[in-house]
Amino acid sequence: MKKDKKKAAQKDKASPSAATIVAQLHTIYADAVSALQADLHAYLEQKEKPSRSLRKAGRYCYPKLTVVWKGVLDEDDEALILNNRHPEVNRAYARFSRPGTYSSSITRPDVFGSYIEEQLELLIRDYGAECSVSLSDQEIPYPYVLDGAGLDLNSVSAIDLSRHFPATELALIGNEVADGIDFIDALGHRPLALFDGLRTDFSLARLRHYTGTPAEHTQSYILLTNYNRYVDVFVAYALEQLKLPDSPYTALSCCGNFTITKETVNPEDIIAASPWRKHQMPAYHLMAEGHKGISLVNIGVGPSNAKNITDHLAVMRPHAWLMIGHCGGLRASQSIGDYVLAHAYLRDDHVMDDVLPIEIPIPPIAEVQQAFHEAAVRITRQDGEDLKKRLRTGTLVTTDDRNWELKYSLSAKRFSQSRAIAIDMESATLAAQGYRFRVPYGTLLCVSDKPLHGELKLPGQANLFYERAIAEHIQIGIETVSILRDFGSKLHSRKLRAFDEPPFR
């Protein structure tokens with residue numbers, strides 16, 4: 001039969017298994033880190049300079065993962081078939097746009113090993129992809145190996161260390177792949193992933209700095225908020241979960257770099273005394289096996305903060321990030337405490353305009369929208385018309401002007417034409433970043449004031465609002481995560497993938 005003449009391109013040799021590949025990445029990375037730490041010790045203690053020849057040979061280099069897909073061969077003409085390459089692959093990730101060689105430098109296999117193995121298993125199974133590991137030409141910057149190395153850096157300057165050891169060079173770190181810039185290396189390899197080793201390590205360090213928690217504790221489902229009271233409620237919920245005998249959660253990683261388990265004595269006092277105020281965007285990670293828990297990050301107020309934290313959270317390749325916070329209601333029919341489920345965004349934040357032009361639509365993710373709505377039904381125990389009185393879907397405005405009310409006369413026409421129902425300072429930025437970095441996103445906000453209708457957020461009024469609304473809102477966010485877990489791989493929408501994508505999610 002003609003169908004039998006078409007077959008996957010023959011491999012020159014059997015490709016190692018995905019688990020074997022990940023083990024090789026572990027070995028090369030661990031050897032490079034050990035060598036870099038040992039040479040730093042030798043320099044700091046004995047002023048022994050590292051060997052230039054060993055460094056040139058790749059002593060400090062990240063491992064490089066290369067994946068080759070040769071396409072489909074037709075036995076009649078031995079030509080690559082470039083159409084209908086993978087009709088059987090219906091997922092949004094672990095797929096090839098075209099035959100070729102794809103590679104990326106890899107960091108922290110201890111953190112990303114399971115993710116890499118999952119992607120490789122699918123590519124090997126469905127495409128017969130050939131995988132190999134080697135040394136990359138990217139060196140690991142020395143600041144990324146200092147933790148746990150026992151190094152005394154007080155006697156030397158960063159400039160001095162940079163003369164002899166690889167340092168962070170911003171010119172080599174960027175989002176070119178994510179932003180669709182054609183990026184092919186000197187060997188003609190296309191990128192295997194959105195982020196290489198250098199870009200990933202840069203963000204891992206920033207996450208630790210901003211959130212006060214180890215980046216590797218970040219869970220696959222992330223709740224983002226703009227008010228600290230949400231943190232208090234989430235932490236209380238987390239501590240209750242840890243006490244349950246059948247809880248899926250194993251620990252709570254807290255801002256201040258400490259962890260609470262079910263054996264911890266007086267956890268409330270420990271958390272209350274922690275130095276969380278030293279960190280710009282405090283995070284709390286309710287951890288579960290396989291990173292299937294929930295992270296809550298208080299990103300503060302403003303689109304700059306929203307862009308900043310998601311630039312770095314994106315390297316963790318989460319399954320979703322969701323905004324749950326406060327907004328200003330723009331419609332007279334709304335009441336304080338009502339919910340707003342954004343299904344469109346009017347981007348008036350400006351921080352993303354250069355990398356994602358404002359005319360690019362940011363589509364709603366159907367699975368997230370459905371999950372938010374179903375979670376609201378379950379938690380509020382309302383449905384149909386009763387729920388419609390409290391939960392409204394529509395366009396959300398995100399502005400970069402905290403005092404937007406003072407220029408409302410200039411914005412009124414635009415807000416009206418967009419049919420906006422609420423306004424905040426973060427959500428459209430977070431959605432645009434999710435779209436940009438292929439992370440499913442969504443927004444469910446709670447109306448805290450109605451400035452256009454004389455209901456301003458005053459101190460006493462605010463306290464009453466907090467007490468009534470926040471616990472329920474957090475519960476809806478947590479329930480939404482539970483629903484999204486059940487979607488599995490279907491959560492990752494093909495509408496977030498560009499024409500020519502890296503194979504990895």
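**Close-up views of a predicted model**

**View 1. Strand β13 beside strand β16.** In this predicted model, strand β13, which spans residues 320-329, pairs with β16 in the antiparallel sense over two bridges. Within that pairing, G329 has A422 of β16 as its bridge partner. Strand β16 itself, covering residues 420-424, is mostly covered, with five of its five residues buried.

View 2. Strand β15 (residues 391-399) runs parallel to β16, and four bridges join the two strands. Together with helix α12, which comprises residues 408-417, strands β15 and β16 make a right-handed β-α-β unit.

**View 3. Surroundings of L65 in the largest nonpolar core.** The largest nonpolar core holds 117 residues, among which L65, I116 and L252 touch the most other members. When its neighbours within four places in sequence are left aside, the contacts of L65 include I21, L25, Y102, I106, I116, L120, V133, L192 and F504, as well as the serines S103, S104 and S132.

**View 4. Cysteines C327 and C446.** A search of the whole structure finds zero disulfides. The closest cysteine sulfur to that of C327 belongs to C446 and lies 7.3 Å away, which is too far for a bond because a disulfide requires sulfur atoms within 2.5 Å. C327 counts as buried, at 3% relative accessibility, and C131 likewise counts as buried, at 6%.

Note on methods: Residues numbered from 1 in each chain as written. Predicted model: local features only at pLDDT ≥ 70, side-chain atom pairs only at ≥ 80, totals over all residues. Heavy atoms only, no water. Core = buried A, V, L, I, M, F, W, Y, C linked by side-chain atoms within 4.5 Å. Buried < 20%, exposed > 50% of the residue type's maximum accessible area, 1.4 Å probe, protein only. Contact = heavy atoms within 4.5 Å. Pairing = 2+ DSSP bridges. Right-handed = clockwise from strand over helix to strand, strands pointing away.
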